[in-house]
Amino acid sequence: MGILDSIPHVNAVPSHRPWPRVVVTEAGWQAAIDRLVEGGLTLLGLWGEPTAVHMAMLDAGSAEIAVVTYECTAGAFPSVASRHPPALRLERTIHDLFGLVPAVADDLRPWLDHDVWGKSHPLSGRNASRDVRPYQFLPSEGEALHQVAVGPVHAGIIEPGHFRFTANGEHVVRLEQRLGYTHKGIESLMQGASLEAAAKLANRTSGDSAVAYAFAFARAAEAALDIEVPRRATYLRALMAELERLANHFGDIGAICNDASFALMHAQTGILRERTLRAADAAFGHRLMMDVVVPGGLARDIAPDGIPALRTLLAEIKKVFPLLIELYDNTASLQDRTVTTGIVKADYARQFGAGGYVGRASGRNFDARRTLAYAPYDLLSFEVPVLEAGDVNARVWIRIREVEQSVELIAQILDLMEPGEIRSAPPAGRGACEGLALTEAFRGDVMAWLRLDGDLRVERCHLRDASWFQWPLLETAIEGNIIADFPLCNKSFNCSYSGADL
Amino acid sequence: MRKTLFESLTHGSLTEPAPAPDESALAELATKVDRAAQARLGRSLAIREVDAGSCNGCELEIHALSNAFYDIERFGLRFVASPRHADVLLVTGPVTKNMRQALERTYNATPDPKWVVAVGGCAIDGGIFRGSYACVGGVSETVPVDLHITGCPPSPTDLLKGLLALLEHVSAKG
């Protein structure tokens, strides 16, 4: 049975690749929400245009994806969030940016809009204004409750966001996040941009996932244009994606331990992270490997010195990392902080379609590299670790196991890669077309959707970070924990602010 | 066990010779930063980092300054948790409108004398985010900037060089 069989639709958009996009009426839209509520489908994204909303959904069993589109003829669309909570922040964002009204919404407070842009609904294409009211946090009532307000400027070197804790003594009763501080208007900058300029923006949507974003953006463009990428380029893309995963996982493992006051691990993984970035620099000329992955392939090939640098890196990791795992595993005082702390319930992970280590530490067996098997992962052999405990410790272990897998993947790629072309030219004279792609960033799946016009310019592009579906789970994970464990929980998620604020 | 592990790991990574150009550049920086910092600030320059809407790439490289390779604290430079403890604000990002007020407040909370270093292409003029309805574009449009460090993102070595330039600038003024 196909993903769209139970969703009545009016017509399919022929230029949308590789998965279908169909236009639905209210009946089809509600049927799609039914599938999400039942758990048969997972919400991948919900985004707007001036007069339409799109919803991408995944059938994890059959690895099928579909996009349904509802035309908002009256400036409104049936609310998804009122029946399926994971859509809430996405829906508030659509209202902020496009002025489209979800009906009937339980919560229509602004999300990205902090009343300082000088205009309302900036992507709606019209001069609209909305009522400006002070932002109300959700109430928590009870004797002896107090609030702690943190951010947007934090104590560490991290991104800005506001956390409003309500606590009873040391115990957190409710955490509410207020984000949007890093909203740069990336979607509006994308409009009318050349493929090259848009790819640069994609690289800088969340700098820690520059490769994953560039990879997703490029694949969406290639799907839209229906072009094949040379085999060597796909291998090198995966090589960079795995290097990026290694660097971030090393950083995270150390930072989580550091937030439990175990600085030794932080120092050691910091060395591995730096070695990884230096090898990336030697191989691709940029420590974060920005602007190497471009639509059609790669902007440049791996440097001749890159391959020995990478082999040296792998040998070093294989030598040092097992000792660090042993250190983590045998330090009881550290385990005391990470085991049973910040538990994400498996039901929530499934309902929210939580990607990356957040989902996989809570039993959600999904990894875009395996489930969707995009090139070159269809040719590589690797395992996807899954745990059930859902605590900080489980999220550390998922990262540890993924480091091991990434090391193996890089070794395989170095062995399999053959000389050849690294870029296909985009075809001239193709009409308007649309593409969708998912790639697995270190923190979870990144989705890229775009529509190109006949001159290879981006008409619309939407990028969805894994953090959209992870941030809300952090609110649930901290409940009942003490405030002092928040940094630990937060670091074990390491959600992107910039990626979700756009 | 841990002691052995610590010794063997630390020993190994410290003795391994790093690439020559990097090593010499770092050594040169080490002497210069050290002398200048000592002269002006008595080996103590406290830095408060403020992300004013960056993509987080700059934060990753600023973090790297504290790793074993760059070890910024040996120069007397250190990151502090509050602007009230800071001499220098290290500001990244195209200053999103949603962060402008927080940046102004952080600046106002920093005691004099203070210096602002704008880090990365976005912090100079908004970079690739310039012209967006959501960005002010350039740190200097919000708070006075003493120095820009370019790069997208600047490497840790570039950041160290920039902080040295700041110290020379400060000495010239004083």
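## Briefing: chains A and B of a predicted model

The UniProt annotation "domain: NADH:ubiquinone oxidoreductase 30kDa subunit", from an unreviewed entry, covers residues 65–124 of chain A. UniProt positions follow the numbering used here, feature names are shortened, and annotations may be inferred rather than shown by experiment. The model is predicted: local features need pLDDT of at least 70, side-chain atom pairs count only at pLDDT 80 or more, and totals for chains, interfaces and linings use all residues. Residues are numbered from 1 along each chain as its sequence is written, while chains are lettered from A and ligands numbered from 1 in the order in which they are written.

**Annotated spans of chain A**
- Residues 65–124 of chain A are 18% helix and 22% strand, with end C-alpha atoms 27 Å apart. Helices (H or I, at least four residues) and strands (E, at least two) are DSSP runs, numbered from the N terminus.
- UniProt also lists residues 272–424 of chain A as "domain: NADH-quinone oxidoreductase subunit D" (unreviewed entry).
- That span, residues 272–424 of chain A, is 56% helix and 3% strand. Its end C-alpha atoms are 35 Å apart.

**Helices 4 and 5 of chain A**
- The axes of helix 4 (residues 195–203) and helix 5 (residues 210–225) of chain A come within 7 Å and cross at roughly 145°. Axes are lines fitted to C-alpha atoms, for helices over the stretch in contact; angles run from 0 to 180 degrees between N-to-C directions.
- Helix 4 of chain A contributes Leu195(A), Ala199(A), Ala202(A) and Asn203(A) to the contact. Their partners in helix 5 of chain A include Tyr213(A) and Phe217(A). Contact means C-beta atoms, placed from the backbone, within 7 Å.

**Chain A against chain B**
- 42 residues of chain A are in contact with 39 residues of chain B.
- Helix 7 of chain A gives the largest share of chain A's side, six residues.
- That side divides into 21 nonpolar, 13 polar and eight charged residues. Ala, Val, Leu, Ile, Met, Phe, Trp, Tyr, Cys and Pro count as nonpolar, Asp, Glu, Lys and Arg as charged, and the others, Gly among them, as polar.

**Chain B**
- Chain B has six helices and five strands. Along the sequence they run α-α-β-α-β-β-α-β-α-β-α.
- Of the 174 residues in chain B, 47% are buried. A residue is buried if 20 or more other C-beta atoms, placed from the backbone, lie within 10 Å of its own.
- Helix 3 (residues 57–64) of chain B has eight of its eight residues buried, so it is largely enclosed by the rest of the structure. Among them are Cys58(B), Glu59(B), Glu61(B) and His63(B).

Technical notes. Two residues are in contact if their C-beta atoms, placed from the backbone, lie within 7 Å. A residue is buried if 20 or more other C-beta atoms lie within 10 Å of its own, exposed if 12 or fewer, and partly exposed in between; C-beta atoms are placed from the backbone.
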